[in-house]
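Me: I'd like to learn how to read a protein model. Could we go through this one together, a question at a time?

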Amino acid sequence: MASKPAHPRRKEAYPVSPVLRLIQECRIATLATIEADGGPYASLVTLAPDAEGAPVLLLSDLARHTRNLRSNPRASLLVADAQSTDPLDAPRASLMGEIAPTDDPEARERFLARHPDASGFAGFSDFHLFRMRVDEVHLVEGFGRIATLPGSAAAIDWSDAEALRERAAGAIAHMNEDHLDAIALYAQKLLGAPEGDWRMLSLDPLGCNLMCGTTVRRLTFPQRITNSAALRQVLVQLAQEART
């Protein structure tokens, strides 16, 4: 697989929260929890966003961070741009809020789709899903570009898009079964990603996530999508854009 993108990422058609992109493309994050004595504890965790964009973690009861969260749910997650070659100049965001257990089967499915290797132990009795409620975001996009944002900057609003939500799983399966060539075009031509076996991982009113191996890239739609007819139109439009 090529190490450098053949094409630069296309310019977004409308403003998109950089926090949302960081979470959607993130697979590994730094989790900071609070010890019983009030001290800090940091660890690496795997992450996947749920349908609303909230970070979801699969944690073992044996882990120190899990014990900390069960006694004090306040925590912070640091997510960073994995595509950057300079980590100190890479966009990153500290998500602050509370992390609590969840039994949401959709969140579990989305986590395992992003981390298929976790399926081997996800069913163990000492592993549980946790979801973060993001209250505040501290965003650093580079030197001198720093902002404190509300938790809503990381969220995906489905309030007017239930029609799309009902058809999303079918649309993803159809794209992965019949249109892998178009997905590869999206990744390589529009996002500047290297060649590979790209598949559609998830979609929402604002865009879709594409995955190849352990790499996830976010493709933003040119406009907000609320139903399957509009989704078909925009996917065709993006394929045409990629071909030209």
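Predicted model: local features only at pLDDT ≥ 70, side-chain atom pairs only at ≥ 80, totals over all residues.

Me: Is helix 1 largely enclosed by the rest of the structure or open, and how many of its residues are buried?

Reply: A residue counts as buried when its relative accessible area is under 20%. In helix 1, Val19, Leu20, Arg21, Leu22, Ile23, Gln24 and Glu25 are buried. Helix 1 (residues 18-25) is therefore largely enclosed by the rest of the structure, and the number of buried residues is seven of the eight.

Me: How are helix 4 and helix 5 oriented to each other?

Reply: Two packed helices are described by the angle and the distance between their axes. For helix 4 (residues 162-178) and helix 5 (residues 180-190), the axes come within 5 Å and cross at roughly 95°. Angles of 65 to 115 degrees count as roughly perpendicular. Helix 4 and helix 5 are therefore roughly perpendicular to each other.

Me: Which residues make that contact, and how do they divide into nonpolar, polar and charged?

Reply: Helix 4 contributes Met175, Asn176 and Asp178, while helix 5 brings Leu180, Asp181, Ala182, Ile183 and Tyr186. Sorted by type, the residues of this contact are five nonpolar, one polar and two charged.

Conventions
Residues numbered from 1 in each chain as written. Heavy atoms only, no water. Buried < 20%, exposed > 50% of the residue type's maximum accessible area, 1.4 Å probe, protein only. Helix = DSSP H or I, 4+ residues; strand = E, 2+ residues; numbered from the N terminus. Axes fitted to C-alpha atoms, helices over the stretch in contact; angles between N-to-C directions. Parallel < 35°, antiparallel > 145°, perpendicular 65-115°, else oblique. Contact = heavy atoms within 4.5 Å. Nonpolar A, V, L, I, M, F, W, Y, C, P; charged D, E, K, R; others polar.
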